[in-house]
Protein chains: 2
Amino acid sequence: VGEFDLIGEVFATLACARLGHSELAIGDDCALLESLPVDERWAVSTDTLVSGTHFFPEVDPALLGYKALAVNLSDLAAMGARPRAFTLALTLPQVNPGWLRALAGGFDTLACEFDCELVGGDTTQGPLSLTITVFGACKHTKVLKRSAARLGDDIWVSGALGGAALALRQVHTGQAVEPPVRARLEKPKPQVRLGQALAGMAHAAIDVSDGFVQDLGHMMKASGLGAEVHWERIPLDPGLQHAEPAMQQACALAGGDDYELAFTAPPSLRQTIQDLAHPLQVGLSRVGQVIEKPGVRLLHSGLPMHIDRAGFDHFGGRGS
Amino acid sequence: VGEFDLIGEVFATLACARLGHSELAIGDDCALLESLPVDERWAVSTDTLVSGTHFFPEVDPALLGYKALAVNLSDLAAMGARPRAFTLALTLPQVNPGWLRALAGGFDTLACEFDCELVGGDTTQGPLSLTITVFGACKHTKVLKRSAARLGDDIWVSGALGGAALALRQVHTGQAVEPPVRARLEKPKPQVRLGQALAGMAHAAIDVSDGFVQDLGHMMKASGLGAEVHWERIPLDPGLQHAEPAMQQACALAGGDDYELAFTAPPSLRQTIQDLAHPLQVGLSRVGQVIEKPGVRLLHSGLPMHIDRAGFDHFGGRGS
């Protein structure tokens, strides 16, 4: 048994490789995706995590496996899609069976939780990195596009912001990191169920992976509109409650890696949307409104607020 | 304009990014694949090329871009699928606009030739590598599976074998490489049209990327059968005609990187298959037959032939 076969065996025996959605999965030249109802389409997203850029080489492989899939599921969430399948392209410096099994265990639980089948992949030798391509089903009339925000829409954000950035700063500066804050960085929960609930109800959505202001800006630019956001309505991660205002703003507005959903919806749906919070066990905060003037305008107690935009635009960002 | 935006702009303006198949392509959290006829399915394949493993860091970026897409299209060919879309996950040490445009130009022409739209991707910072995920449409009753070979089938192979391996050896040993031989390594032509013509006609197929004997072995194992192959019927790359027999065998049988199709079909279709050669301008050689005994049995003038299996199983192989 060669190393290549070993890798194939580790993956083929995972629970998430046997969910049975696909007619042909691991082991052929291609996987065959299942047939979808005629009013549904496949939403596809690809994200890469690279050692040294997105994680430390000595990262716990179980956490790495979890996060690589979580960030991809977050892209499906932002479209309102239902996860169904994924492929894994894995580049490894050498084959370490224990490490590989831990990595696989890290994404297996999450994949099974969201009914997302491992249908294929590729394993190559080289510097450590993972590229996951994820497939979700969505009704094409209900898909949440970045470009669909409308003038006068409310702007909402799920969960709380800034926890992942706070954890990363604390790690970098050698400070103690509280477990719930660390979990925001290492085990982000993709808002898949919220995304599906919002499909056909919200207008536009995006996942907050590059920082709230930057991602909101992308959504507004795609929609040809602008946003007005009230700082005091931004849901701060509890770990930031006693931090300096400058740290709160940097982490919550520009931090990134939060994997919450920012979305817009008509004011007529305020109560309907708020009513999703309890059954889905997710915080939902109405933080501003869509305006005509392009850009993202931040207000603090009703007055314009300036935050440093340096570092908002970073190479290493995430694509579609 | 940040580096990230620059990369997005280079890709968004490519001809292959505007083929119009997809309802939503580059620029959202996900791409949306087009709707397929009810009897069709999406075939999906992922392949990674890593600097230092699959190519030299100083490779011509146009050739790299070409090959990264070509090897993925070859997997669609092996299923008999019609290319429709692909995503590109690109990891770069730094952003060099000229290099990036050359890379993009390398796959743009090939993508347009095969009507395959760039629908999304991800660009990250790190050691150079490319992961392409390709999507093709196929009638689910006609798909060419590895596991579908039947006892008594003829075994066929397209084109000629061993050219890519010969070129690689010549490069490694500092010998002159004839342009047609070099082209076999650097610009392999994926047998997409042949694959589609064989769909519903051939039984099983695989692309010869890891070496003819190894890939044929995979197909036979998946089918629960074996193969008997006549060495003198193997179509040798013209560059190997005057080589030593040991070199001919190593390159043509174990060399890999040829991206031809090996397939099985019933003897009743011999003429029908042979008749595809002229319109598709591809060589088609009938090299053996499917037998009951597992494994791949090589014959030279009717007598068992032994080739060194070392190096047949290499880490760095290719997945589904």
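Which residues do ring pairs link into a cluster? In this predicted model, the cluster consists of A:Trp42, A:Phe135, B:Trp42 and B:Phe135. Residues are numbered from 1 along each chain as its sequence is written, and chains are lettered from A and ligands numbered from 1 in the order in which they are written. Because the model is predicted, local features need pLDDT of at least 70 and side-chain atom pairs count only at pLDDT 80 or more, while totals for chains, interfaces and linings use all residues; side-chain values use heavy atoms, with hydrogens and water left out.

The confidence of the prediction is considered next. For the complex, the predictor gives an ipTM of 0.86 and a pTM of 0.90. Chain A has an average pLDDT of 91, and 93% of its residues score at least 70; pLDDT is the predictor's confidence in each residue, from 0 to 100. Over residues 310–320 of chain A, pLDDT stays under 50, although the model has 53 contacts beyond four places in sequence for this stretch. Contact here means heavy atoms within 4.5 Å. Where pLDDT is low, the predicted coordinates should not be read in detail.

Aromatic rings were examined over the whole structure. A pair of aromatic rings is described by the distance of the centres and the angle of the planes. Rings of Phe, Tyr and Trp (its six-membered ring) pair if their centres lie within 6.5 Å; planes under 30 degrees apart count as stacked, over 60 as edge-to-face and the rest as tilted. The search finds nine aromatic pairs over all chains. One of them joins A:Trp42 and A:Phe135 edge-to-face, at 6.5 Å centre to centre and with 90° between the planes. Because A:Trp42 lies in strand β2 (residues 40–50) and A:Phe135 in strand β5 (residues 129–139) of chain A, this pair ties together parts that are 93 residues apart in sequence. Helices (H or I, at least four residues) and strands (E, at least two) are DSSP runs, numbered from the N terminus. Both A:Trp42 and A:Phe135 are buried, where buried means under 20% relative accessible area, exposed over 50%, and partly exposed in between (1.4 Å probe, protein chains only). In chain B, B:Trp42 and B:Phe135 form an edge-to-face pair, with 6.5 Å centre to centre and 90° between the planes. B:Trp42 in strand β2 and B:Phe135 in strand β5 of chain B are 93 residues apart, and both are buried.

The charged end of A:Lys187 sits over the ring of A:Tyr66, 4.6 Å from its centre. B:Lys187 lies over the face of B:Tyr66, at 4.6 Å from the ring centre. A charge sits over a ring if NZ of Lys or CZ of Arg is within 6 Å of the ring centre and within 35 degrees of the ring normal.

Salt bridges were then located. A salt bridge is a side-chain nitrogen of Lys or Arg within 4 Å of a carboxyl oxygen of Asp or Glu, and 26 are found over all chains. Among them, A:Glu34 and A:Arg84 meet at 2.9 Å, N to O. A:Glu34 lies in the loop between β1 (31–32) and β2 of chain A and A:Arg84 in strand β3 (residues 82–92), so the pair ties together parts that are 50 residues apart in sequence. A:Glu34 and A:Arg84 are buried. In another salt bridge, the closest N and O atoms of A:Glu186 and A:Arg182 are 3.2 Å apart. A:Glu186 and A:Arg182 both lie in helix α5 (residues 179–186) of chain A, four residues apart, about one turn of the helix. A:Glu186 is partly exposed, with a relative accessible area of 24%, and A:Arg182 is partly exposed at 33%. A:Asp39, A:Glu40, A:Arg82 and A:Lys139 are linked in a network of salt bridges.

A charged residue without a salt bridge was also identified. B:Asp153 is found in the loop between β5 and β6 (154–158) of chain B. B:Asp153 is buried yet has no salt bridge, and the nearest side chain of opposite charge, B:Arg150, is 5.8 Å away. Lys and Arg count as positive and Asp and Glu as negative; His and the chain ends are not counted. Not counting residues up to four places away in sequence, B:Asp153 touches several residues, including B:His203, B:Thr264 and B:Gln289.
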